[in-house]
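Hi,

Here is the structure I promised to pass on to you. Please open it in your viewer and keep it beside this message as you read.

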Amino acid sequence: MLIGLGVVAVAVILFLTWKLFSGPQIRIPLTPGSKSFYGHVHLFNGITAADKYKYDELFINLSDPKFVGSAIGHLKMWFASEITLSSVKTAEILFKSRTNVDKSYQYNEFTRWLKDSVLILPHKAWHTRRKQLTPAFHFAVMENFDTIMKEDSQLLVQAIKQDPTRPVVQHILDVTLHTIIETSFGTSFKSLNESKPYLDATSKVLHYLWSRNVMDFLSSCSQWYYYNVTSNGKLEAQAINDLNAMLMILVRDRKKELASGETRLYNGRKSFLDHMVELQALEGNLTDEQILGESNAILLAGHETTTASVSWTLYYLCKNPEVQQRLYEEIDEKLAGRPFSALEVTSLVYLNMVVKESLRIQPPITFVARKLTETLTVDGLTIPPGTDVDIMLYWLHRDPEFWPEPEKFDPERFSTENSRGRNPYAFVPFSAGPRNCIGQRFASLESRILVAAVIYNFKGHHNSAVRGGSEKRFD
Ligand code: HEM
């Protein structure tokens with residue numbers, strides 16, 4: 001009798017455990033490489049924080065339509081299913097959804113840092129917050145940052161000249177973080193050295209987050225509560241506290257200044273932080289903790305991505321000297337030797353084409369991921385609620401229906417004529433649908449100003465550009 005009860009109890013526990021950890025049942029063939037118990041998890045073994053790009057690379061390889069045999073892949077992470085969508089036609093269906101906007105488990109590890117910020121909030125709360133933040137990213141606000149962005153582009157040029165052997169990507173990282181703090185937090189720094197502590201503190205947090213991401217072989221079962229007790233978890237918490245302490249000084253300063261009636265305006269517009277502090281004062285529904293969360297989100301979203309975009313653009317310009325020459329001529333003809341406004345940079349047609357082609361071929365964010373709250377039907381296949389779905393921007397940008405010879409760097413793809421009638425979901429570096437990038441205009445403006453400044457000052461080929469370069473001014 002006792003043995004019988006024991007067997008039943010064990011069976012019930014096993015069933016409940018299976019129910020708890022197994023995702024919804026999905027009838028989509030598994031992507032090759034899966035093992036019977038742990039699925040594809042073993043493939044992620046051995047990736048460390050030092051080679052974080054391998055993590056991205058692995059997802060890219062595992063969702064390659066040629067490898068999967070279809071544009072819809074099915075990964076198993078222990079018991080949970082993760083669907084990959086790698087064609088424009090399949091991704092479009094999810095992008096168009098107004099309800100399936102929740103982020104997937106892959107964003108969980110950001111919660112300790114970004115709290116309940118716009119980047120990770122679920123549906124309803126996200127919607128309210130997004131509406132609150134949108135005015136701070138209006139195009140008119142961006143235009144007013146052109147002075148800061150132009151000054152910062154000169155800081156980049158000087159930094160490269162002073163230390164030409166340092167990888168350019170590091171210089172760009174310094175400058176993009178500097179710019180995001182100056183523009184979003186209303187702070188003015190005298191030099192890149194002054195913003196360096198923020199960059200160091202942010203890089204430290206990112207380092208621990210990445211270590212966690214790649215060691216996270218428990219995948220979808222992982223949550224911060226067990227991670228907190230690990231030594232890495234403690235270091236991560238310390239790094240977040242340090243960065244928050246630095247940001248909190250900026251928040252308190254702005255609050256004090258605003259309380260004493262001192263507003264810092266950029267041609268009549270407020271910075272992101274002033275906007276948040278004012279919302280707190282007027283509506284009273286934003287806590288300091290939430291302001292910190294949003295500030296961190298802007299810091300994260302606003303510098304690594306732009307750095308990747310500018311760096312890749314410069315890389316392709318080095319590899320394609322004829323494109324570089326044409327771009328140089330456009331800048332020389334339209335902007336050189338006189339003051340110009342941000343709007344004029346956005347009117348440089350070829351520069352725009354070049355930056356876009358670089359974003360197509362190397363999207364800084366290679367995939368975005370959602371947890372379905374409602375059933376999704378793609379190509380006649382049903383994906384139930386609760387499933388994590390990755391939209392592979394990298395593969396959308398290589399979809400043969402829209403992009404012949406996808407590995408070829410060819411800015412002509414983005415000429416007005418060639419762009420006409422193209423499916424809007426074929427080029428989505430800033431994602432698409434309701435949860436697209438709020439900082440798209442900011443990023444486009446900044447990337448174009450930085451690329452133009454570097455090309456104008458260092459036109460040349462490969463490293464010779466950095467060593468010598470043109471003496472003409474672009475400021
Ligand atoms: C080239 C540069 C950039 C690229 C390629 C990029 C790309 C993206 C992508 C793909 C998403 C969607 C993420 C997801 O669904 O998981 C996103 C979201 C977001 N981005 Fe950007 N981004 C860039 C620059 C910026 C900048 C400069 C800012 C801020 C000033 C920013 C702020 C945000 C925010 C706040 C979100 C979350 C939006 C939401 O969920 O409602 N991004 N970005």
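A polar contact here is a pair of N or O atoms within 3.5 Å. One thing to keep in mind throughout is that this is a predicted model.

For Tyr107, a polar side-chain atom is 2.4 Å from an oxygen atom of the ligand. Val118 takes part through its backbone instead: a polar backbone atom there is 3.3 Å from an oxygen atom of the ligand.

Next, the shell around the ligand. Helix H6 (123-133), helix H14 (288-319), strand S5 (368-371) and helix H20 are the elements that each give two or more residues to this shell. H14 gives the most, with five residues. In total, 27 residues surround the ligand, and the closest are Tyr107, Trp126, Arg130, Arg435 and Cys437. Sorted by class, the shell has 16 nonpolar, seven polar and four charged residues.

Which protein atom is the donor of the iron atom of the ligand? The only one is SG of Cys437, at 2.3 Å. You will find Cys437 in the loop between helix H19 (416-419) and helix H20 (440-458).

Now follow H14 to its helix neighbours. Two packed helices are described by the angle between their axes and the distance between the axes.

The axes of H14 and helix H17 (residues 349-361) come within 9 Å and cross at roughly 105°, which makes the two helices roughly perpendicular. On the H14 side, the contact is made by Ser309, Trp312, Thr313, Tyr316 and Leu317, and on the H17 side by Val354, Val355, Ser358, Leu359 and Ile361. By class, that contact has seven nonpolar, three polar and no charged residues.

What about helix H15 (residues 321-334)? Its axis and that of H14 come within 5 Å and cross at roughly 110°, so H14 and H15 are also roughly perpendicular to each other. Here Leu317, Cys318 and Lys319 of H14 meet Pro321, Val323, Gln324 and Leu327 of H15. This contact has five nonpolar, one polar and one charged residues.

Happy exploring!

Terms used: Residues numbered from 1 in each chain as written. Predicted model: local features only at pLDDT ≥ 70, side-chain atom pairs only at ≥ 80, totals over all residues. Heavy atoms only, no water. Donors = N, O, S within 2.8 Å, 3.2 Å for Na, K, Ca; no water. Helix = DSSP H or I, 4+ residues; strand = E, 2+ residues; numbered from the N terminus. Near = heavy atom within 4 Å. Polar contact = N/O pair within 3.5 Å; in protein donor to acceptor, adjacent residues only side chain to side chain. Nonpolar A, V, L, I, M, F, W, Y, C, P; charged D, E, K, R; others polar. Axes fitted to C-alpha atoms, helices over the stretch in contact; angles between N-to-C directions. Parallel < 35°, antiparallel > 145°, perpendicular 65-115°, else oblique. Contact = heavy atoms within 4.5 Å.
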